[in-house]
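Have the sequence and the structure open while reading.

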Amino acid sequence: MLELIIVLTLVTGGVYALLAIGFSLIFGNARVINLAHTAFFMAAAYGMWYFMRQLGLGVIESIVITVLAVTILGLLAYWFLINRIREHHAAVLLMTVALALVFQEIFLGIFSSRYRTIPSLIPGYSEIFGIRVLNQHLLSLGIVAVVIVVVWLILTKTKLGIAIRATAQDAEVANLMGISVPRTLLMTMGIATALAAIAAVVVAPLWVVYPYMWNAPLVMILVIVVLGGLGSTKGSIIGAFIVALVEVLVGTLMPSGAYLKFMFAMLVMIIVLVVRPGGLFGIVFEEERL
Amino acid sequence: MLRRLLKDFRWGLLPVPGRLIALIFFVALFIFPLIVQTTYPVRVLTIANIFVIFAVSWDLLSGYTGQVNFGHALFFGVGAYTVALLNKYFGLQPWATIPIGTVVAALVGVVTCIPALRLRGPYLSLLTMAFPIMLVYIVMAFKDVTGGEYGIGGIPRLASTPTQEYYICLAAMTASVFIMYKLTDARSSLVRTGLIFHAIREDEIAARATGINTIRYKILAFAIGGLFAGLAGVLYTHVLRATGPSSLALTMSFQAIIWVVFGGIVSIYGAVVGVYTLYPFVELLRRTLIGRYRLLVMAVIVILILLFMPEGVAVWIRDKIERECPRCKLTNAAWRRECRACSAPLR
């Protein structure tokens, strides 16, 4: 029981962390609340299912094609749909919701609402400290850890990362320092979508794939980023594991009340928003210059 | 009195195409059930009338006052469930449930705005989005009281025939839209709320600096928004004779936003046009081959509108057919060469 809780928390938390990092990167930089973020996640899950089960491609090819395709999709969506109306946050929220609905309806139309499953990328289990752990769980954990480290390195060590953080701090001054803000925002969107796609690749064999699968993670991610502080990468990671722990505990200890986890999550979000609008590691955005 | 009305009609209404179209449209709405005798179109327009109240109340709160509410279905659903519960457990009839439900929704509006007053922009939208979702789970948790996902049925009709129901809803819609139009009219000399709502949206700090108690007016906006959205929910429940969790769903909130954005945000007539265009359109789609994809069609329409007509269809059309006189600020038809009052050249 305990080991199950630990493993599930780590895997779920890892997936949420990948999603939440992307979500808060794009919020921190472009001030865009991308409610279609988990729709890209869903698109990648469907991509994995389609390439592996329908076309019978290998694991590596499927992963590469899926992540690339979804990233390009995200870039196109950002450039043609979101970027033009970036200044009006209500319009952006509406646009991203409409985009998510478009994804949902398209998948519903093409693949129907049936639940799809993907086989484990590596079958079997191994024993660690006398605990049996599915290899798929281990693989997911490994990929999540590597990706988080890579993102961290990109953000702190590379020129692109510095540009991204500078833009997040102050887009106008970043522009004056010779950073192309639109290009940086586009790159940020690319990284964010790629993270969502990787999260989907990691978790698709563990979860079921269906056209409404973007709803539940979206609620959780909103809670996580509010808890950790909108725009803070560290906050997103820590918030992801806290929320995952709560979710797994509710799920394993009271299976009948599974739907209550969203209510608890929402309650947490409301309390955090009211008591400490900046979140645990909040970045308080100064009033934008007009 | 009559002479003054006639004068208004002759000089204030006839030369302005927008107002003329609005008048013709309202007259058409009033005689519609007399011409069309079949039940279905009358019923669609009855519900459209109700949704106009809902959409305009969202526009008042989010468009005019700038408190972008992504959970407007909260008020709608609270009104609907209040009516249903009162009727199921106390056997109250429409004349009692309608005012009670409306007032309860307004009170909920006041209560929600207490946490909402601290937040602004996207944070406020997220917070308001959370409330109806939570309420849905509460409804699900108390299945024996609220009927869970099946909702509550068997609520008495508003009136005995569909035509009577249509006229009741039309009257409610006309009255509500007129009241909200007056409340948001920034040029009004009777009520100051319109001007103050605009001020709060444009710059809250500046509004406070000029001595406006913005907190009080934000609470007022939430109360009015809740009141009219609640009225819509109450009427909707009585017309459909049932209520369910769908009245609280996120899609309900987003529908209001979609209608208003389609017609034109921060304009009462935009919301009206949005509902009367999109709602019957989607109902028509339901009966055709692509009825399965009506959500997709809606979403694509929203995306296209946001990209190419961000001011909304109604506002876009108005700008095409009307022009403001550069000298006396009077509205003229776009095809006139000179202003109808001061004869200043218009182009």
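In chain B, helices α12(B) and α13(B) cross in a right-handed sense. This is a predicted model. Helix α12 of chain B covers residues 250–263 and helix α13 of chain B covers residues 268–286; their axes come within 7 Å and cross at roughly 110 degrees. An angle from 65 to 115 degrees counts as roughly perpendicular, so α12(B) is roughly perpendicular to α13(B).

On the α12(B) side, the residues that meet α13(B) are B:Trp259, B:Val260, B:Phe262 and B:Gly263. Their partners in α13(B) include B:Gly270, B:Ala271, B:Val272 and B:Leu278. Sorted by class, this contact has eight nonpolar and three polar residues, and no charged ones.

Helix α3 (residues 59–82) and helix α4 (residues 89–111) of chain A have axes that come within 11 Å and cross at roughly 135 degrees. The two helices are therefore oblique to each other. The crossing of α3(A) with α4(A) is right-handed. From α3(A), the contact is made by A:Ala77, A:Leu81 and A:Ile82, and from α4(A) by A:Val92, A:Met95 and A:Leu99. This contact has six nonpolar residues, with no polar and no charged ones.

Helix α4(A) also takes part in the contact between the chains. That contact takes 31 residues from chain A and 29 from chain B. On the side of chain A that touches chain B, α4, α9 (215–228) and α11 (260–275) each supply at least two residues. The most come from α4(A), with 14 residues. By class, this side of chain A has 27 nonpolar, two polar and two charged residues.

Technical notes
Residues are numbered from 1 along each chain as its sequence is written. Chains are lettered from A and ligands numbered from 1 in the order in which they are written. This is a predicted model: local features need pLDDT of at least 70, side-chain atom pairs count only at pLDDT 80 or more; totals for chains, interfaces and linings use all residues. Axes are lines fitted to C-alpha atoms, for helices over the stretch in contact, and angles run from 0 to 180 degrees between N-to-C directions. Helices (H or I, at least four residues) and strands (E, at least two) are DSSP runs, numbered from the N terminus. Angles under 35 degrees count as roughly parallel, over 145 as roughly antiparallel, 65 to 115 as roughly perpendicular and the rest as oblique. A crossing is left-handed if the near helix is turned anticlockwise from the far one by less than a right angle, and right-handed if clockwise. Two residues are in contact if their C-beta atoms, placed from the backbone, lie within 7 Å. Ala, Val, Leu, Ile, Met, Phe, Trp, Tyr, Cys and Pro count as nonpolar, Asp, Glu, Lys and Arg as charged, and the others, Gly among them, as polar.
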